[in-house]
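Colleague: I would like to learn how to read a model like this one. Please take me through it feature by feature.

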Amino acid sequence: MKRVRYIFLLAFCTLALTTSNVYIEQVQAAPVAATVEQCQSASPLAIVNNPKAYLNQTVVMNAKFDKFSTLGLDYKPAFKSSDDYISFLVKRDDTMYDVPLSEMKLFIKREEAEKFIDLKTNDEISITGKVFSDALGDAWVDVSKLVLLKKAPEKDGVK
């Protein structure tokens, strides 16, 4: 009886190992999908000056935050719903005046924007997003990542 159990156990283990090897070979042979998306570093002004060149590209840019806005929301040719998104503006860096870069429409999902409710004008940020449209000759960017790089200096004790 012990010998029958031993033979049965040996047969079972052999079958299990053989099946495992076939399964492992199948798993190892399967192609791995590339999940890392190529990002192109650019300045906001470079993107605004030639939005067609960046169309359907993922870009990374640094800028100074201006303010949250509703600019460009619900515009049919480059639709982003005001129910799901909020837009924001960054500052122009090609002038000595305090001017927002309104030619760049930046959209971020509302639940993500809530994490950045404390952003203030002139905070330095890094933006990663995909230029999804060049409607009206402007750059329309779907922001996938927003990072606060540096808080703006406080003015006269005001936080």
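Modeller: Start with the inventory. The protein chain has four helices and six strands. Helices (H or I, at least four residues) and strands (E, at least two) are DSSP runs, numbered from the N terminus. This is a predicted model: local features need pLDDT of at least 70, side-chain atom pairs count only at pLDDT 80 or more, and totals for chains, interfaces and linings use all residues. Residues are numbered from 1 along each chain as its sequence is written, and side-chain values use heavy atoms, with hydrogens and water left out.

Colleague: Which pattern does the protein chain follow along the sequence?

Modeller: Read along the sequence, the pattern is α-β-α-α-β-β-β-α-β-β.

Colleague: What share of the residues is buried?

Modeller: Buried means under 20% relative accessible area, exposed over 50%, partly exposed in between (1.4 Å probe, protein chains only). Here buried residues make up 33% of the 159 residues in the protein chain.

Colleague: What is I47 in contact with, leaving aside its neighbours within four places in sequence?

Modeller: Contact means heavy atoms within 4.5 Å. On that basis I47 is in contact with A42, Y54, V59, M61, M104, V131 and A139.

Colleague: Why is β4 largely enclosed by the rest of the structure?

Modeller: Because five of the six residues of β4 are buried.

Colleague: Which strands pair with β4, and in which direction, parallel or antiparallel?

Modeller: Two strands pair if DSSP finds at least two bridges between them. Four bridges join β3 to β4, and these strands run antiparallel. Y85 stands opposite K109 in β4. Four bridges also join β4 to β6, but this pair runs parallel. There, K105 stands opposite W140 in β6.

Colleague: Now the surface. Is Y97 buried or exposed?

Modeller: Y97 counts as exposed, because its relative accessibility is 56%. Y97 is found in the loop between β3 and β4.
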